[in-house]
Amino acid sequence: MPTINMLQAINQALDIAMAEDDKVLCFGEDVGGFGGVFRATSHLQEKYGKARCFNTPLVEQGIIGFANGLAAQGSVPVAEIQFADYIFPAFDQIVNETAKFRYRSGDLFNVGGLTIRAPYGGGISGGLYHSQSPEAYFAHTPGLKIVVPRNPYEAKGLLLAAIRDPDPVLFFEPKRLYRASTGEVPEEDYQLPLGEAEVTKEGADITLLGWGAQMEVIDRAVEMAEKDGVSCEVIDLRSILPWDEDTVVESVLKTGRLVITHEAPRTGGFAGEIAAAIQERCFLYLESPIQRVTGIDTPFPLTLEKEYLPDHLKIYEAIKTSLHY
Amino acid sequence: MTAQTHRPDFLSGDEYSIPTYAVLSQDGTLHDGAEGPDLERDKALRIYHAMVATRVLDERMMAAQRQGRLSFYMQCTGEEAAVIGSAAALDDADMIMAQYREQGALAYRGFSFDEFMNQLFGNELDYGKGRQMPIHYGSRKLHYMTISSPLATQIPQATGYAYGQKLAGEGLCTIVYFGEGAASEGDFHAALNMAAVHEAPVIFFCRNNGYAISTPSVEQFAADGVAPRALGYRMHVIRVDGNDVLAVYRATEKARRLAVEENKPVLIEAMTYRLAAHSSSDDPSGYRSRKEEDAWRAKDPIRRMQLWLEAQGWWSEDEEKALQDELRREVLGTMKRAEKRPPPAIDTMVTDVYADVTPALQHQLDALKQHVRRYPEAYPRGARSLDPALSHRDADQGGD
C-alpha cells in the first residue's frame with residue numbers, strides 16, 4: 001500500500017467521488033485551477049472541468065447558501081471553507097438552513113448531499129483566526145453530522161462516507177497534520193463508518209478520549225504513562241455528532257477513569273457534553289472525576305501557542321491526577 | 001482595462017433612475033403605446049382565479065386568526081399581481097423559492113385550499129408535519145421550496161439550485177422572491193454576485209412594497225430602490241409596476257428567456273404596496289397613515305385585472321359574484337375540516353432530523369412518551385397520538 005499524506009488522501013477521496021458521480025461538485029475560495037490553498041483539490045478542475053470544480057467569490061455565507069441550493073436540487077456539493085475560523089459568516093446558513101432543511105419540510109426537501117470541508121486547529125502559528133476548533137458550536141445543532149479524521153487513512157475513508165451520507169456533514173480537517181501525518185492508504189475506494197468511535201488501543205486502567213489532531217498528542221502522553229506501568233485505553237471519537245456514547249461508556253465501565261482532551265476552549269467545549277453523559281451512565285463505576293484537558297478560555301494566542309495547547313505533558317499530568325485521586 | 005480620466009470627478013447615483021415598466025392602467029385600458037404580453041383567455045382566467053382565491057383565503061384566514069383559531073397569519077393582499085403574474089410567466093416545473101408572502105404563486109400552481117389549511121392548522125395531513133409556523137408552505141410536486149423564516153437565506157440557495165438546473169440541462173430555471181427589506185441582508189449580495197459570476201439561470205424577484213414591518217423603504221436604502229444594485233453585478237434588471245399583472249407577466253416572460261436560453265440571471269423589482277398589516281402580530285396604524293393606504297387601495301391589482309378582463313369580453317360581474325361566493329364557501333368548508341383533524345403523531349417529533357432516527361433521539365423520544373403517558377392532561381396533543389382512547393374522550397367532551 002502506498003504511503004501518502006493527509007492532503008493526498010483527501011484529494012484521492014474527492015477524485016473517487018467525482019469520478020463515480022457526475023453530481024459531485026467541489027468549490028470554494030481558490031479551489032479551482034489553483035487546487036486550494038492547501039492543495040486538497042489539486043487537479044480536480046483539470047480532470048472534471050470548470051463546471052464541477054471552481055472558484056467562488058470570497059463570501060462564505062454565499063458558498064454555503066449556494067451549496068444548500070445545489071444539494072436541495074439533487075447535486076452533491078462538497079464546499080470548502082478555507083479555514084474553520086471563517087465558517088462563522090455561514091453560521092446562519094448552516095444552523096438555520098442546512099441543519100433544518102429536511103425536518104422543516106417534512107422530508108419534502110433535503111440537503112443530504114452536502115459536505116462542508118474546513119481545515120481546523122492550531123499548532124501552525126496561526127494566531128486567532130487560523131487556529132480555531134469550532135466543532136462545539138455546531139454540536140449544539142440537531143440535523144448536522146460532524147466528523148474529524150486523525151490520519152490519512154481515516155481522512156479518506158471518512159470523507160468518502162461523508163460525501164455519500166444522506167445527511168449534511170461538516171468535515172473538519174486537522175491542518176497541522178495535512179502534510180505531517182503520513183501513512184499507508186489503499187488506492188481503491190473504501191468507507192469508514194460515521195457515528196462510530198474507534199478504540200485505537202486497548203487498556204485496563206484509564207480511558208483517554210479525543211479526536212483529530214489530539215489523537216497523536218494522546219499517543220505521546222500514553223507512551224509516557226505506560227512507561228510508568230499504567231495501562232491506557234485510547235478512543236478516537238471520530239464523529240462529534242452524533243457521537244458514539246456506547247463505545248465510551250463500555251470503556252469507562254471497564255477502566256473507571258476518563259480523560260477527555262480537545263484544542264478548543266474548555267467552557268462549552270464538547271468534552272463537557274461527554275463528561276455529563278458519562279457520569280450519568282457510569283456514576284457507580286467512576287473512581288475519579290472526569291478530567292478535561294483543553295485549550296484555556298481565551299482566544300487562540302500566537303506567541304504563547306505552545307503554552308496554550310493541551311499538549312502531551314498536560315494530558316500526562318491529567319492521567320496521573322486521575323490515577324492518584 | 002477601463003478608460004482613464006485625469007480629473008478627480010466622482011460619480012454618484014443621483015443622476016441615474018430606473019424607469020418603471022407599466023402596461024395596464026387602473027381603469028383596465030392599456031397605456032398609450034404600451035407593449036403587453038400575448039396572454040390567452042384561459043391563462044388570463046387562471047391567473048385571475050388564483051388572484052381572487054388568494055385574496056379570499058387571506059381575508060378569511062386573517063379573520064380566523066383574530067378569532068383565535070389560528071396561531072399566526074400573513075396576507076399577500078395588494079401584491080397578488082406581482083406574485084401571480086410572475087409565477088404564471090414561468091414553466092410550471094421551474095423552481096419557486098419564496099420568502100413568505102407568495103402564497104399566490106402556490107395557488108396559481110394548483111395548491112388546494114385543503115393543502116393550505118392542513119399547513120395552517122399543522123394537522124396530521126400537513127406535508128410539513130406540523131413543525132413550522134403557519135404560511136411556511138412547501139410542495140415538492142408543485143416545485144415550491146418549503147419556506148423558512150430567516151430572511152434572504154433562500155436567495156443564494158436559489159443561485160445554487162439554478163446552477164444545478166443548468167448542469168442538469170433540463171431547460172428550467174429558479175425564481176426567488178424576497179421583499180425590499182430582505183434585500184438588505186448579506187445573503188442578497190452573495191446571491192446576486194455568485195449568480196452573475198457563475199451564470200446561473202435564476203430570476204431574482206423583489207417585491208418592493210414600501211415597508212419591512214414598520215420600516216419604510218427610505219430607512220432601508222438611500223438609493224433609487226433595489227434595481228440599480230443589479231448594474232453593479234453586471235446583471236440584467238427591470239423595474240415593473242407590481243400592481244400591473246400584464247407588465248409583471250411580460251417582464252418575467254422575457255427574464256425567463258434570458259435566464260434559460262442565455263444563462264443570464266435577472267433582477268426584477270416590482271413596485272407595489274403591502275396593503276395589509278405585516279402579519280397578524282402587527283398593527284400598521286402605528287407607523288403609516290390611512291390616507292396613504294387608501295391611495296394604494298385605489299390601485300388594487302385585482303380590480304385592475306378584472307376591468308381588463310371585462311374589456312376583453314372574458315369576464316362579467318355575474319361571473320365575478322359567482323366566483324367570490326364559491327371561493328368563500330369552499331374556504332369555510334375546508335377550514336372546518338382541517339381544524340378538526342388530529343395533530344401529527346408524537347413520533348414525528350424525531351423523524352427527519354436526520355434521514356434515519358439516531359439511537360440517541362429514539363432514546364429521548366421513548367423517555368418523552370413515557371412522561372406524556374404519566375401526565376396526559378398536560379400534553380393533550382401528544383397523548384392523543386399515544387392512546388386512541390384519550391382521543392375519543394376528547395371528542396366526547398366536545399374538545400376540538
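Which residues lie nearest the centre of the largest pocket? The close-up views below, taken from a predicted model, begin with that pocket.

**View 1. Centre of the largest pocket, with residues of chains A and B.** Nearest the centre lie A:Leu241, B:Thr358, B:Ala360, B:Leu361 and B:Gln364, which belong to a lining of 49 residues. The volume of this pocket is about 1400 Å³.

**View 2. Lining of the largest pocket.** Two or more residues each come from helix H5 (101-104), helix H6 (135-139), strand S6 (145-147), strand S12 (239-241), helix H9 (245-255) and helix H10 (270-282) of chain A, and from helix H12 (359-374) of chain B. H10(A) contributes the most, with six residues. By class, the lining comprises 21 nonpolar, 14 polar and 14 charged residues.

**View 3. The second largest pocket, with a volume of about 710 Å³.** Of the 32 lining residues, B:Gly122, B:Gly130, B:Pro343, B:Pro344 and B:Arg381 lie nearest the centre. Helix H4 (113-121), helix H11 (317-340), H12 and helix H13 (380-386) of chain B each give two or more residues to this lining. The lining residues divide into 15 nonpolar, eight polar and nine charged.

**View 4. Helix H12 (residues 312-323) of chain A and its buried residues.** The 12 residues of this helix reach 16 Å from first C-alpha to last, close to the 16 Å expected at 1.5 Å a residue. A:His312, A:Ile315, A:Tyr316, A:Ala318, A:Ile319 and A:Ser322 are buried. Seen down the axis of H12(A), these buried residues fall within an arc of 160° and therefore line one face of the helix. They pack against strand S10 (206-210), helix H8 (214-227), strand S13 (258-265) and strand S14 (291-295) of chain A.

Methods:
Residues numbered from 1 in each chain as written. Chains lettered and ligands numbered in written order. Predicted model: local features only at pLDDT ≥ 70, side-chain atom pairs only at ≥ 80, totals over all residues. Heavy atoms only, no water. Helix = DSSP H or I, 4+ residues; strand = E, 2+ residues; numbered from the N terminus. Expected span 1.5 Å × (residues − 1). Buried < 20%, exposed > 50% of the residue type's maximum accessible area, 1.4 Å probe, protein only. Arc of directions from axis to C-beta. Contact = heavy atoms within 4.5 Å. 1 Å grid on protein atoms, 1.4 Å probe; cavity = no way out; pocket = protein on both sides within 12 Å on 5 of 7 lines; lining within 4 Å. Points joined across faces, edges and corners; volume = space filled by probe spheres on them. Nonpolar A, V, L, I, M, F, W, Y, C, P; charged D, E, K, R; others polar.
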